[in-house]
Amino acid sequence: MGLAIFKDSLQGEYQVSRTLRFVNARLEDEYQTHFVNNILVINRIGLILALVMYASFLGIDALHKGQPFYILVLIRLGLVPASILAILAASFKPWYRDFFQNLIAIPLATGVAGICAIEVLTDLPHDYFLYGLILMLLYNYLLSGLSLLYSSLIGCGMVAAFVGLSIVLEHSDWLTLIRSTAFLFSANCIGFVAHYLIERFDRVNFALMHQKNQLSLSLVEAKAQQERLLQNILPSEIIQELSESGVVIPKNHLDVSVMFVDIVGFTQISRHAAANSIVEKLNHLFTELDRIIAKYNIEKLKTIGDCYMCAAGLGEQQKSHAYQCCSAALEILERVNQEESWFGTQLQVRIGIHSGPVVAGVVGESKFAYDIWGDTVNTASRIEKESQPNRINLSESTYQTIKGLFAVESRGKSSVKGLGPQSMYFLVSHKQKSVA
């Protein structure tokens with residue numbers, strides 16, 4: 001993972017090779033996009049600085065007599081500035097990012113070629129060549145935005161051009177050539193190391209930022225998952241109350257409808273069945289019930305063994321809560337009649353619905369649950385027990401609420417355990433599909 005001198009401990013997909021690339025190809029592509037986006041401003045500043053400095057040296061060139069001045073003007077104010085201005089203008093185009101490394105090398109190559117041309121075509125002092133290349137090296141490694149590979153190739157090309165032209169033109173003795181080459185080579189090495197360190201640490205910062213973003217996304221996903229789980233357990237109003245205050249104040253609901261659905265003869269049906277088969281059947285049935293009551297905006301409260309309990313009217317005041325429960329009960333019976341036999345026995349359920357006041361709240365701390373209490377709940381349970389297989393039994397209060405909207409069969413008054421004589425009705429079917 002890089003050179004041993006680095007202790008940034010980047011592992012796994014964040015590991016950086018000695019060639020300054022992430023081992024993970026996808027991460028490397030993301031870094032290149034990040035790098036180009038961040039380097040564009042520096043790149044433009046560098047181009048403007050290069051343009052000003054390259055052209056301004058024409059004034060210093062003019063102090064030396066004897067050189068062909070028109071060549072200097074052509075190079076200093078013509079060819080090289082033209083290439084810089086062209087790339088500077090291109091940097092504002094969308095496609096520039098896709099060809100960044102290739103395009104930014106053009107003004108560098110043109111600048112080096114211009115310095116070489118000045119060395120060959122004019123009689124300016126040989127030191128101009130050396131100093132000009134050192135400045136180009138600084139720009140190459142620190143301001144160009146080129147990758148380390150491109151920068152190092154161009155840097156080595158500058159050193160080779162200096163040595164080659166110095167030998168061919170014989171502008172200095174061997175001792176001076178060796179000394180000048182040593183200075184230029186040293187500047188190239190310093191630029192190379194500086195570039196490596198800057199990019200290395202930029203990659204480390206990018207990796208840390210990427211890890212932080214991934215962690216943030218994980219936290220957001222975990223929070224969303226938590227909220228989804230809460231929504232399956234608690235009504236949205238209760239979740240909001242818990243989020244805002246951390247507690248839930250019990251509420252009195254003056255008029256709701258409570259429905260119980262119980263499987264007939266479940267103990268006998270499941271007596272000889274395997275445990276996993278029983279759970280699978282119950283899960284399948286209760287999932288269907290969840291889907292149906294959600295359709296009618298009814299709140300599931302809990303399951304007690306093979307008994308399913310829910311209530312309508314617990315959210316915003318809903319005058320149609322009894323209608324919703326009755327509609328859902330009819331659909332539940334329709335779905336139960338379509339169910340395949342359970343372990344050789346046709347599935348049947350009893351359903352009971354009663355309307356009245358309840359108290360609702362959250363109990364528990366570590367495993368909290370939303371529940372309702374009151375005589376209405378007890379009465380609804382009794383009404384369900386007094387029902388018959390695949391019938392929906394309604395109390396008097398529920399019947400009075402939905403009277404005229406559904407077809408019912410009166411059962412007269414019957415004695416109900418703990419309640420005494422009660423008027424009850426079997427729900428048969430809809431008379432109309434909606435509440436006025």
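**Ground rules.** I am working with a predicted model, where local features need pLDDT of at least 70, side-chain atom pairs count only at pLDDT 80 or more, and totals for chains, interfaces and linings use all residues. Residues are numbered from 1 along each chain as its sequence is written, and side-chain values use heavy atoms, with hydrogens and water left out.

**Cysteines.** I looked for disulfides, taking one to be a pair of cysteine sulfur atoms within 2.5 Å. The count is zero. I then checked C326, which is in no disulfide; its nearest cysteine sulfur belongs to C325 and is 7.0 Å away. I noted burial next: buried means under 20% relative accessible area, exposed over 50%, and partly exposed in between, with a 1.4 Å probe and protein chains only. C326 is buried at 0%. C116 is also buried, at 15%.

**H354.** I placed H354 in strand β4, residues 349-363. Helices (H or I, at least four residues) and strands (E, at least two) are DSSP runs, numbered from the N terminus. H354 is buried, with a relative accessible area of 12%. I found a polar contact between the side chains of H354 and S395 at 2.7 Å. Such a contact is a pair of N or O atoms within 3.5 Å; within protein, one must be able to donate a hydrogen and the other to accept it, and residues adjacent in sequence count only if both atoms are side-chain atoms. With neighbours within four places in sequence left aside, the residues in contact with H354 (heavy atoms within 4.5 Å) include V256, T376, I383 and S395.

**Salt bridges.** I listed 14 salt bridges, each a side-chain nitrogen of Lys or Arg within 4 Å of a carboxyl oxygen of Asp or Glu.

- R291 pairs with E288 at 3.1 Å, N to O. Both sit in helix α9 (residues 275-295); they are three residues apart, so about one helical turn separates them. R291 is partly exposed at 44%, whereas E288 is buried at 18%.
- K385 pairs with E384, also at 3.1 Å, N to O. K385 is partly exposed at 46%, while E384 is buried at 0%.
- E409 pairs with R391, the closest N and O atoms being 3.2 Å apart. E409 is in strand β7 (residues 406-416) and R391 in strand β6 (residues 391-395), so this pair ties together parts 18 residues apart in sequence. E409 is partly exposed at 39%, and R391 is partly exposed at 23%.
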